[in-house]
Amino acid sequence: MNDPDEPIWVRRALPKAIGRIGTVAASRALLEGLEGGEDSFHRRKLVESFASVKDSRVLWSDSAPRIRQQITFETKQYLGSLAALESLGLKTKGRVVGGTITWDGDEIPTLLDQLLEERAADSLRNLFGLLALLYGGDQMWPAYSSLTSGNRLLQAQALEFLDNTLESQIKQDILAVIDDCPFAEKLARGAREYGIRVPPKTEMLDILLQPGGEPESDIAALTAAALYAVHQDRVPGLETRIQQVAAHAVDPFVEETATWIMGRLEISPAPGSATEPA
């Protein structure tokens, strides 16, 4: 399911087909796919396909440590998305309530902001899909619905339920995401416990500008959106990085976007690149 020689749309379709088999062996194959994959859309499809496991607390007893590792992975993914949003100016565009992001600030969120918010939302949902394997969907999905309802009373009740239900190791990860604490405290916790810092805006955009994202992957989408953000905000200091993306992008759309941005910002092509005039 993570074979790079297979088109990404094929890999994203496989989890649903495997999930329909409904056996323990099929579900373990899904877990193996989850352990080897980082594409957020693919991971969401894998976690959704676990719904075929009916009695998860029995069937997954021998896989609990591996599921806990994936919970930690999704926690880091979520906090990484929050850190990126903070670098890009979240405080002027919206706020985080529990684990959800609300766009109610003075500035309109950019395409890059919205993609990062979607990535964070996927991680949050994935966390509860993984919790459902360990504690049962009948307990975890109502808690997820309450947390994302926007109702402060329901959110508080869900937090109390999870605080009383989850084992300590898992609780640490989950509360790092959903705890109703000041946003600065949530970011500080991410830095302290998971090593996720909030870099300056230019550095964050440099991190997001990745030429190696395969076509239609979330990495490619974030790169294209980051390129447009550089153009939109006229962010200096990224000329060399944009040249590298234009010269080495795997996704044709990313290459085309980088070349267009270079023209708009009057950036010369890198010497010897395919985009350099003959």
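Residues are numbered from 1 along each chain as its sequence is written, and side-chain values rest on heavy atoms, with hydrogens and water left out. Because the model is predicted, local features need pLDDT of at least 70 and side-chain atom pairs count only at pLDDT 80 or more, whereas totals for chains, interfaces and linings use all residues.

The side chain of K45 meets that of E48 in a salt bridge, with an N to O distance of 3.9 Å; a salt bridge is defined as a side-chain nitrogen of Lys or Arg within 4 Å of a carboxyl oxygen of Asp or Glu. K45 and E48 both belong to helix α3 (residues 40-49), in which three residues, or about one turn of the helix, separate them. Helices are DSSP runs of H or I with at least four residues, strands are runs of E with at least two, and both are numbered from the N terminus. E48 is likewise partly exposed, its relative accessible area being 34%. Both residues also take part in a network of salt bridges that links R44, K45, E48 and D122.

By the salt-bridge criterion, the count comes to 18. One of these joins E35 and R66, whose closest N and O atoms are 2.8 Å apart. Since E35 lies in helix α2 (residues 24-35) and R66 in helix α5 (residues 64-87), the pair ties together parts that are 31 residues apart in sequence. Both partners are partly exposed: E35 has a relative accessible area of 35%, and R66 has one of 27%.

A further salt bridge is formed by R241 and D206, with 3.6 Å between the closest N and O atoms. R241 is located in helix α13 (residues 239-248) and D206 in helix α11 (residues 201-208), so this pair ties together parts that are 35 residues apart in sequence. D206 counts as partly exposed at 30% relative accessibility.

Aromatic contacts were assigned to rings of Phe, Tyr and Trp (its six-membered ring) with centres within 6.5 Å; planes under 30 degrees apart count as stacked, over 60 as edge-to-face and the rest as tilted. Under this rule, two aromatic pairs are found. The ring centres of F128 and Y144 are 5.5 Å apart and the planes meet at 55°, so the pair is tilted. F128 is placed in helix α6 (residues 111-135) and Y144 in helix α7 (residues 137-147); the pair therefore ties together parts that are 16 residues apart in sequence. Both F128 and Y144 are buried, the relative accessible area of Y144 being 14%.

The rings of W141 and Y144 also have centres 5.5 Å apart, but their planes lie at 85°, so this pair is edge-to-face. W141 and Y144 are three residues apart in helix α7, a separation of about one helical turn. W141 is partly exposed, at a relative accessible area of 29%. F128, W141 and Y144 together form one aromatic cluster.

I18 is part of helix α1 (residues 8-19) and is buried, with a relative accessible area of 18%. The C-alpha atoms of I18 and V250 are separated by 29 Å, the two residues being 232 residues apart along the chain.

Key:
Buried means under 20% relative accessible area, exposed over 50%, partly exposed in between (1.4 Å probe, protein chains only).
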